[in-house]
Amino acid sequence: MKKKHKLFGLLMLACASFLFLAACSKADSKDSSKSSSSSTSQSSSSTSSSSSSSGSSASKASTVTDKKGTFSGLNSNKVSGTVTVSKNKVSLSNFKTDEGPDLKIYLTKDGNVKSGKVLKKIDLKAESQSFDVPSGVDVSQYNSVVIWCDKAHVGFGEAKLA
């Protein structure tokens, strides 16, 4: 009888774990529509480099500080696209991700979101998006960008910056 209780307990734990992780693979329609409407304004904003009398040297200076990376999926999730990190902006291009209810973008050191800097919730449908880096954040201290599901505490994708 005791053996049946242990087996039943393990079965219930496995089912609960499956349901919890499934929550991160399917976006709630409320979260998806909120994300879509709030992120549309994000993706429409863009930055332009300041121009000076020597325009080519200004563009060279901005590209020297830019870091780029290519996303790859984590934990059986699919994330693709490229990220560009400049002094005050993080931009995604050709971005695609599996759906999740609470996906956010983080600047991290070696993928560690606990010590990283959360930027904002991502738009699941927009291939191009931009996020402001808060003032006072030194982007040179970070070497990766992570797409993280806050609800399930699991990484969906990471791009190492170079």
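1. The side chains of Lys89 and Asp132 meet in a salt bridge at 2.4 Å, N to O, a term that here requires a side-chain nitrogen of Lys or Arg within 4 Å of a carboxyl oxygen of Asp or Glu. This pair links distant parts of the chain, with Lys89 in strand 3 and Asp132 in strand 6, 43 residues apart; strands, like helices, are DSSP runs numbered from the N terminus (E, at least two residues, for strands; H or I, at least four, for helices). Lys89 is buried, with a relative accessible area of 6%, whereas Asp132 is exposed, with a relative accessible area of 53%. The cut-offs behind these words are under 20% relative accessible area for buried, over 50% for exposed and partly exposed in between, with a 1.4 Å probe and protein chains only.

2. On provenance, this is a predicted model, in which local features need pLDDT of at least 70 and side-chain atom pairs count only at pLDDT 80 or more, while totals for chains, interfaces and linings use all residues. Residues are numbered from 1 along each chain as its sequence is written, and side-chain values use heavy atoms, with hydrogens and water left out.

3. A search of the whole structure finds five salt bridges, and two of them deserve a joint reading. Lys104 forms a salt bridge with Asp150, the closest N and O atoms being 3.1 Å apart, and this pair also connects distant parts of the chain, since Lys104 lies in strand 4 and Asp150 in the loop between strand 7 and strand 8, 46 residues apart. Salt bridges that share partners join Asp102, Lys104 and Asp150 into one network, in which the side chains of Asp102 and Lys104 meet at 3.9 Å, N to O. Asp102 is buried at a relative accessible area of 18%, as is Asp150 at 19%, while Lys104 is partly exposed at 22%.

4. The strands are arranged in an open sheet of eight strands with the order 5-4-7-8-1-2-3-6 and antiparallel pairing, where two strands count as paired if DSSP finds at least two bridges between them. Strand 5 (112-121) and strand 6 (129-132) stand at the edges, each with a single partner strand, so one side of each is left without a neighbour in the sheet. The twist averages 25° from one strand to the next, with axes taken as lines fitted to C-alpha atoms (for helices over the stretch in contact) and angles running from 0 to 180 degrees between N-to-C directions.

5. Strand 7 (residues 144-149) is mostly covered, six of its six residues being buried. Ser144, Val146 and Trp148 point one way from this strand and Val145, Ile147 and Cys149 the other way, and all are buried.

6. Which strands pair with strand 7? Strand 4 (residues 103-109) runs antiparallel to strand 7 and is joined to it by six bridges, with Leu107 standing opposite Val145. Strand 8 (residues 154-160) likewise pairs with strand 7 in the antiparallel sense over six bridges, and Lys160 is the bridge partner of Ser144. Strand 7 and strand 8 form a hairpin with four residues between them, and His153 in the turn has a positive phi of about 55°.

7. Elsewhere in the sheet, strand 2 (residues 79-85) and strand 3 (residues 89-97) run antiparallel and are joined by six bridges, with Thr84 opposite Ser91 in strand 3.
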